[in-house]
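Hi everyone, thanks for letting me take a few minutes today.

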Amino acid sequence: PNIPDSAIITVITTAAGCSGPTKTVNIIVDPTAIVNQSVSQELCNGALTSLVEFNGNVTGSGFAWTNNNTTIGLGASGTGNIPSFTAINTGTAAVTSTITVTPSYTNAGVTCTGTPITFTITVNPTGQVDQPASQVVCNGAPTAPVNFTTLVPGTVFNWTNNTPAIGLAASGTGNIA
């Protein structure tokens, strides 16, 4: 159930056929809190993350979370929802952080914890290109190839040309032959 269950146990004593005092014991069984699975996020460096709201099955549940990689811009731990924050990745490869959320329910000074869930926040690096060399050529002469290089693996190079009259298309993808 999603609410505490309680039972009253009544103890009736007798000794040698004589009735003694009656005692009662109240036993409360608190529910096990669960947390609904959160959606993982994948973002670019500098983007705002989505608010992460935790919901569960028991009214009054608490949620504690930990983050195994604070370089993304999120602290190491907290309680409650995770507010939107600016994702950070100053490197050249994607950075993934695993968030572990543990639900709990506290009643009468007793805290019962549920099964943790995990989700990830991946922050991709900012695209980067090394500065190619400029060229000056005579009319009708071939240009040298323009090969784009980067420190960020998987980068796609889309380029535009503001003067297609020089014989190069207005836009393209990849290196320029």
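So, the surface: the protein exposes about 11200 Å², and 57% of that is supplied by carbon and sulfur atoms. Keep in mind that this is a predicted model. How much of the protein is buried? Buried residues make up 25% of the 177 residues.

Okay, what is the chain made of? We have 10 strands and 0 helices. If you read the elements from the N terminus on, you just keep saying beta: β-β-β-β-β-β-β-β-β-β. The radius of gyration is 31 Å, while the globule rule gives 16 Å for 177 residues, so the protein is more spread out than a compact globule. You can see that in the spans of the C-alpha trace too, which are about 120 × 20 × 20 Å along the principal axes.

And the contacts? Take the ones between residues at least 6 apart in sequence: 54% of them join residues at least 24 apart.

Let's zoom in on the start of the chain. Which residue in β2 does I8 stand opposite? That would be N26. The hairpin of β1 and β2 has 2 residues between the strands, and A16 there takes a positive phi near 55°.

I9, V11, V25, I27 and V29 form a nonpolar patch on the surface, and together they have about 390 Å² of accessible area. The elements giving two or more residues to this patch are β1 and β2, with the largest share, 3 residues, coming from β2. Is V25 buried, exposed or partly exposed? Its relative accessible area is 41%, so we call V25 partly exposed; the exposed label needs over 50%.

Last stop, further along the chain. S134 is in the loop between β8, residues 117-124, and β9, residues 158-160. With a relative accessible area of 73%, S134 is exposed, as that value is over the 50% cut-off. How far is S134 from V146? In sequence they are 12 residues apart, and in space the distance is 9.1 Å, C-alpha to C-alpha.

That's my tour, so let's open it up for discussion.

Technical notes:
Residues are numbered from 1 along each chain as its sequence is written. This is a predicted model: local features need pLDDT of at least 70, side-chain atom pairs count only at pLDDT 80 or more; totals for chains, interfaces and linings use all residues. Side-chain values use heavy atoms; hydrogens and water are left out. Helices (H or I, at least four residues) and strands (E, at least two) are DSSP runs, numbered from the N terminus. The radius of gyration is taken over C-alpha atoms; the globule rule is 2.2 Å times the number of residues to the power 0.38. Buried means under 20% relative accessible area, exposed over 50%, partly exposed in between (1.4 Å probe, protein chains only). Contact means heavy atoms within 4.5 Å. Accessible areas come from the Shrake-Rupley method with a 1.4 Å probe; for residues, only the protein chains shown count as cover. Two strands pair if DSSP finds at least two bridges between them. Patches are made of residues with over 30% relative accessible area and no salt bridge: like charges are joined within 9 Å, nonpolar side chains (Val, Leu, Ile, Met, Phe, Trp, Tyr) within 5 Å. A salt bridge is a side-chain nitrogen of Lys or Arg within 4 Å of a carboxyl oxygen of Asp or Glu.
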